[in-house]
Amino acid sequence: MRTAPARGRRAARTAWGVLGGLLAVTLLGAPPAGASPPDTGNEPAVRITDIGTTASDLRFIVTSSGLPEGADLTDAVVEVAFAPSGEDAVPLESTPTPVADSVVVPRQTAVLAVDVSGSLGEDGLEDVRDAVDVFLDTVPPEVEVGLVTFEAPPVERVQPTTDREAVRDALADLELANATGLYDAVVAATGMLPGEGSERVVLLTDGQDEGPDDGPGSVATQDEAVAAVRASGAELTAIAFREGAPREALQRLAAAGRGQLVDAAEGDDLDAAFDVAAASFATELEVTAQVPPGLAGRRGNIQLDVQTGSLSLTDQAFATLADAAPPTDEASEPAVEPSEVAAPPLRDVPAVELSLGAPLVWAGLAGLFLALATIVVVLVTLARRRDRPEAQRERQLSYYTLSGARSAGGDPAPVPQVTRLGDNAVARSAVQLADRVVERRGGLVGLGRRLEVADVPLRPAEWVVLQVSLAVAVGLVLLLLSGLRPWALVVGVVLGAAGPVVYLSARGSRRRQEFLRLLPETLGLVASGLRAGYSVNQALEAVVKEGQEPMRAEFHRALVEARLGVAVDEALQGIADRMQSQDFGWVVMAIRIHREVGGNLSEILDTVGATLRERSRLRRQVDVLSAEGRLSAWIIGLLPVLFSAYLLLTRPEYLLPLVQTQLGIALLVLGGVLFGVGVLGLRWAVKVDV
């Protein structure tokens with residue numbers, strides 16, 4: 001609110017103005033009717049803002065600046081044309097409507113950028129308060145007003161709001177500052193604009209851009225401030241209060257905002273300038289033009305001609321018209337009844353940007369190189385080992401210690417000097433480290449057994465080194481391909497670590513199935529050898545010479561163990577344990593009984609072989625009948641996992657509600673339980689023991 005001294009000064013200025021007017025009438029004759037507007041230094045102009053297009057309409061708002069008193073856009077004649085690029089202009093049928101009378105009033109925003117530097121003085125600061133108060137009284141009530149003050153740095157006092165009292169309270173709290181951050185204030189003011197509707201910036205200053213130490217008061221330069229005004233598309237009215245204002249800089253800013261520069265030498269001129277800026281909101285027009293079908297989707301200039309009184313004003317703006325709406329088949333699409341409610345559009349999910357720093361990127365690239373180098377070295381070494389007989393013999397001897405045999409003192413067996421990862425010290429050190437880790441975890445024997453079953457000629461430590469290298473390589477590759485998303489690194493490491501495990505399990509399972517398939521045929525071959533007069537060992541040698549894999553490798557190992565002093569039935573029991581074959585266990589039991597009590601072993605083997613052949617036929621029939629159920633179980637089991645992994649790599653924000661909200665966590669747990677029950681239920685339903 002205005003104080004009593006302020007009202008006194010206003011009254012004094014008004015009295016002196018009246019006396020000056022009487023003196024002018026006496027000496028120079030009567031002036032024209034109405035008060036003289038402040039010197040703007042700009043020609044009258046109109047401006048196209050807030051352009052919007054649909055398939056059939058073109059809509060924009062027309063604002064004005066510098067119009068003489070009595071000129072009003074609401075009574076103007078408006079003509080609109082559209083000139084496609086490289087073609088002549090096409091007149092458009094248009095309808096101008098005052099913004100205040102529009103069905104949907106466009107958003108209107110004004111940001112006041114006010115200088116509060118010490119050069120104003122207390123009187124000047126009071127004049128600024130009075131002028132802004134005039135602006136608030138004049139501007140239409142639906143216009144949002146914001147306030148930012150020149151300081152170093154500028155202070156955003158009030159965000160754009162229709163609450164006039166909030167702006168007046170901020171005005172009452174203004175105090176003089178010791179700097180003028182002109183260009184920073186302009187950048188801050190444009191940043192407060194919402195970016196829609198009709199937008200204006202009213203800039204008031206009485207001094208240069210100066211800081212407290214006689215240096216620049218702004219971090220931004222004049223060119224940056226001009227660029228900010230131009231990029232915002234807002235109209236800027238610059239008011240130069242008193243003689244110290246930088247007219248050249250203000251002129252550039254006003255030109256960038258296609259506004260005007262107003263000179264205000266004293267408080268009355270300042271009131272008039274703010275009054276004109278506020279009144280221009282009430283004269284805005286909303287123009288709606290019909291777009292012919294032939295112009296839909298075209299790019300070109302909107303040409304505007306406005307005739308108000310004796311003034312003829314023009315403006316143009318570049319725009320891209322909306323594409324024509326696709327034709328609809330009224331017969332196939334029934335009309336929507338008034339009682340039906342259209343579904344609201346899906347809300348936009350905020351994008352989550354997760355990025356990693358440059359040092360971590362370089363570390364990831366280095367780790368990727370080392371992991372890939374390890375894999376390449378393993379593959380090259382595997383190929384070279386075949387051409388070195390001495391290395392091949394050493395590997396053959398160490399092959400029988402894959403399960404991690406211990407010495408008599410209980411210490412782990414020494415690591416061979418020749419490894420699949422190479423003969424250098426780095427490879428041996430990596431294998432020794434992995435050997436200690438696996439031994440400490442207690443998985444040396446189990447991992448060695450799985451490698452034996454899968455017929456992978458690697459020691460457990462070598463396999464661990466290869467598995468870790470693959471996990472690191474896959475994780476870093478997915479990290480780089482996904483734009484450095486941390487979730488991609490986690491998913492890649494999990495996939496890289498799980499891949500070898502799945503491969504080892506699948507290879508072992510396939511080898512066991514092949515063993516069971518060849519077992520009846522092998523028993524028949526052994527029985528034939530026994531009937532021909534061969535001993536058990538000689539019959540087994542016949543299998544090694546004439547049999548197929550994996551029978552040949554397994555029986556060869558059993559014979560080698562028998563030659564080293566292991567009983568034949570114990571060596572064969574080792575095959576049954578590795579292959580997890582109960583059927584072959586019966587064969588071993590028959591051989592053991594034959595050794596102890598005698599009997600016709602060939603007849604027993606023929607009987608067991610016939611039984612196994614019938615069981616194999618029945619097992620294949622069951623597999624065929626349950627194939628659909630097993631395939632469904634695999635698809636249902638893998639689909640949620642793979643799709644979740646895909647979302648983690650591409651749009652992790654879709655999964656954030658599942659881990660950030662209580663409802664999401666509850667649904668995640670419930671879904672996991674139901675998922676597990678469903679998969680296990682399908683597995684039990686299709687599993688038939690034969």
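## Basis of the description

The model is predicted, and local features need pLDDT of at least 70, side-chain atom pairs count only at pLDDT 80 or more, and totals for chains, interfaces and linings use all residues. Residues are numbered from 1 along each chain as its sequence is written, and side-chain values use heavy atoms, with hydrogens and water left out.

A negative surface patch is formed by Glu122, Asp123, Asp163, Asp169, Asp173 and Glu175. Patches are built from residues with over 30% relative accessible area and no salt bridge, like charges being joined within 9 Å and nonpolar side chains (Val, Leu, Ile, Met, Phe, Trp, Tyr) within 5 Å. Accessible areas come from the Shrake-Rupley method with a 1.4 Å probe, and for residues only the protein chains shown count as cover. Asp and Glu count as negative and Lys and Arg as positive, while His and the chain ends are not counted; the place of a charge is NZ of Lys, CZ of Arg, CG of Asp or CD of Glu. Asp169 is partly exposed, with a relative accessible area of 48%; buried means under 20% relative accessible area, exposed over 50%, and partly exposed in between (1.4 Å probe, protein chains only).

A nonpolar surface patch of about 660 Å² is made by Leu658, Val659, Leu663, Leu667, Leu668, Leu670 and Leu674. Helix H20 (656–660) and helix H21 (662–686) are the elements that give two or more residues to this patch, and H21 gives the most, with five residues. Val659 has its place in helix H20 and is partly exposed, at a relative accessible area of 49%.

In helix H5 (residues 222–232), the residues Ala225, Val226, Ala228 and Val229 are buried. Seen down the axis of H5, its buried residues fall within an arc of 160°, so they line one face of the helix; the arc is that of the directions from the helix axis to the C-beta atoms. On the other side of H5, Asp223, Arg230 and Ala231 are exposed.

## Salt bridges

The model has a count of 22 salt bridges, a salt bridge being a side-chain nitrogen of Lys or Arg within 4 Å of a carboxyl oxygen of Asp or Glu. Glu144 forms one with Arg107, the closest N and O atoms being 3.0 Å apart. This pair links distant parts of the chain, with Glu144 in strand S7 (residues 144–150) and Arg107 in the loop between strand S5 (94–98) and strand S6 (108–115), 37 residues apart. Glu144 counts as buried at 16% relative accessibility, whereas Arg107 counts as partly exposed at 31%.

Asp223 and Arg252 also meet through their side chains in a salt bridge (3.0 Å, N to O). Asp223 lies in helix H5 and Arg252 in helix H6 (residues 247–256), so the pair ties together parts that are 29 residues apart in sequence. Glu614 forms a salt bridge with Arg617, with the closest N and O atoms 3.4 Å apart, and both residues lie in helix H18 (residues 601–625), three residues apart, about one turn of the helix. Salt bridges that share partners also join Asp133, Asp137, Glu165 and Arg168 into one network.

Technical notes: Helices (H or I, at least four residues) and strands (E, at least two) are DSSP runs, numbered from the N terminus.
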